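Please read the points below with the model open beside you. They take up the sheets first, then single positions, then the ligand.

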Amino acid sequence: IKKIGVLTSGGDAPGMNAAVSAVIRYASSNKIEVFVIKDGYKGLINDWIEQADINYAQNIIALGGTAIGSARLPEFADIKVREKAVANLKKHAIEALVVIGGDGSYMGAQRLTEMGINCVGLPGTIDNDIVSSDYTIGFDTALNTIVQAIDKIRDTMQSHNRAAVIEVMGNQCGDLALYASIATGADVISTSESKLTEQEIVDQVTAIAKTGKRSVVVVVSEKMYPDVHALAEKVEASSGYVTRATVLGHIQRGGSPSAMDRHLAVTSAMFAVDQIIAGKGGLYIGLDGTKLVARDINSTLNMPRKDKTEETNKIRFLNAQFLK
Ligand code: ATP
């Protein structure tokens, strides 16, 4: 194989640049030319394809976001649109692609593989919502950002005898909320997989108020309650704590990638290039314990998510044991 491409697709995540950098450096070491595709699949159909150079690869390792841009292109599900992409790749003699993104991006990668361009996916998302990888590139950085934010909010809640409701990202996956709650000692946790009703949250904070605790932190995953500010008002009315809601928002997506995210990005990128050199496609790289594995995209799409209810309940018991 002489020429490969790399693109980032779907939501950006810290560490995507480290992965792109490693693809360029490792493939170049294997005498393979690398082309970067700007703005994901959109760049493929618009021929936004450029040859990568080593200095560029060095410069982006520590940068947040994705320097080559990402985009969503729902039309990519249409074969006519993908034919345009394949034609552009053929024009540059690009034989295979590394696709860094989430589940949706893998679908595109699988379809391209079926059209003769071997694609290998890397798990790039802060949400940790790729079921067959224990961790995804970007999760650790986002988690650290969330933990810092919650610690800061706790400082002021503790000083003023208040409660806070903090909404974190995760897109149907409770891992950011769960891991952040473990790391910060959050008092009440509600995640997508282990959801509390608004009334249960109100009741738990009210019970904590009766113990005389000075501050309460409630961590909830996004997309679960219509309005966390309204939820905070309900908590305040029942518990007596002055209660504020904070939606952490896009701050969670940015920032220089953590060392662990860079490590996962670089090692999985090298592993992806190894698969391509071996002539394989339709695969994506996941972390199984401490081991990198290459799995068929098709076989993983319907894998059930790991059940974290027991773990979440254990943390609830640890962090608010006086409720029992
Ligand atoms: P995130 O976790 O950030 O949502 P993602 O990769 O799952 O990342 P999506 O928006 O679901 O994000 O998918 C990214 C892109 O992958 C889509 O915009 C589209 O171009 C392509 N894609 C998604 N599903 C398909 C499909 N069934 N066939 C072809 N391409 C697809």
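1. Helices (H or I, at least four residues) and strands (E, at least two) are DSSP runs, numbered from the N terminus. Two strands pair if DSSP finds at least two bridges between them. The model is predicted: local features need pLDDT of at least 70, side-chain atom pairs count only at pLDDT 80 or more, and totals for chains, interfaces and linings use all residues. Residue numbers start from 1 along each chain as its sequence is written.

2. An open sheet of 4 strands runs in the order β7-β8-β6-β9, with parallel pairing. Its edge strands, each pairing on one side only, are β7 (188–190) and β9 (242–247). From one strand to the next the twist averages 15°; axes are lines fitted to C-alpha atoms, for helices over the stretch in contact, and angles run from 0 to 180 degrees between N-to-C directions. Inside this sheet, β6 and β9 pair in the parallel sense over 6 bridges, and A163 stands opposite T243 in β9.

3. Two helices pack on that sheet. Helix α6 touches β6, β8 (216–221) and β9, and its direction makes about 165° with that of β6. Helix α7 touches β6, β7 and β8, at about 160° to the direction of β8. Contact here means that the C-beta atoms of two residues, placed from the backbone, lie within 7 Å.

4. Another open sheet has 7 strands in the order β3-β2-β1-β4-β5-β10-β11, and its pairing is mixed. At the edges are β3 (49–51) and β11 (291–296), each pairing on one side only. The twist averages 25° from one strand to the next. Strands of a sheet pair through backbone hydrogen bonds, either parallel or antiparallel.

5. Both senses can be seen in individual pairs of the 7-stranded sheet. Strands β1 (residues 3–8) and β4 (residues 96–101) run parallel and are joined by 5 bridges; the bridge partner of I4 in β4 is A96. Strand β10 (residues 283–288) pairs with β11 in the antiparallel sense over 6 bridges, and L287 has L292 of β11 as its bridge partner. The hairpin of β10 and β11 has 2 residues between the strands, and G289 takes a positive phi near 70° there.

6. Where does V120 sit, and what does V120 touch? V120 is in strand β5 (residues 118–123). It counts as buried because it has 30 C-beta neighbours inside 10 Å; the cut-offs are 20 or more other C-beta atoms within 10 Å for buried, 12 or fewer for exposed, and partly exposed in between, with C-beta atoms placed from the backbone. Not counting residues up to four places away in sequence, V120 touches V98, A272, Q275, I276, G281, L283, Y284 and I285. V120 and Y284 are 164 residues apart along the chain, yet their C-alpha atoms are separated by 5.1 Å.

7. UniProt, in an unreviewed entry, places the feature "active site" at D127. UniProt positions are given in the numbering used here, feature names are shortened, and annotations may be inferred rather than shown by experiment. D127 lies in the loop between β5 and α6 (139–160) and counts as buried, with 24 C-beta neighbours inside 10 Å. Leaving aside neighbours within four places in sequence, D127 is in contact with M169, G170, N171, C173 and L176.

8. Most residues other than glycine have a negative phi. N128, in the loop between β5 and α6, has a positive phi of about 55° and is buried, with 25 C-beta neighbours inside 10 Å. N171, in the loop between β6 (162–168) and α7 (175–184), has a positive phi of about 45°. N171 is partly exposed, with 16 other C-beta atoms within 10 Å.

9. Around the ligand there are 19 residues, of which G10, G11, G102, G104 and G108 come nearest; a residue is near a molecule if its C-beta atom, placed from the backbone, lies within 6 Å of it. Helix α5 (residues 103–114) gives the most to this shell, with 6 residues.
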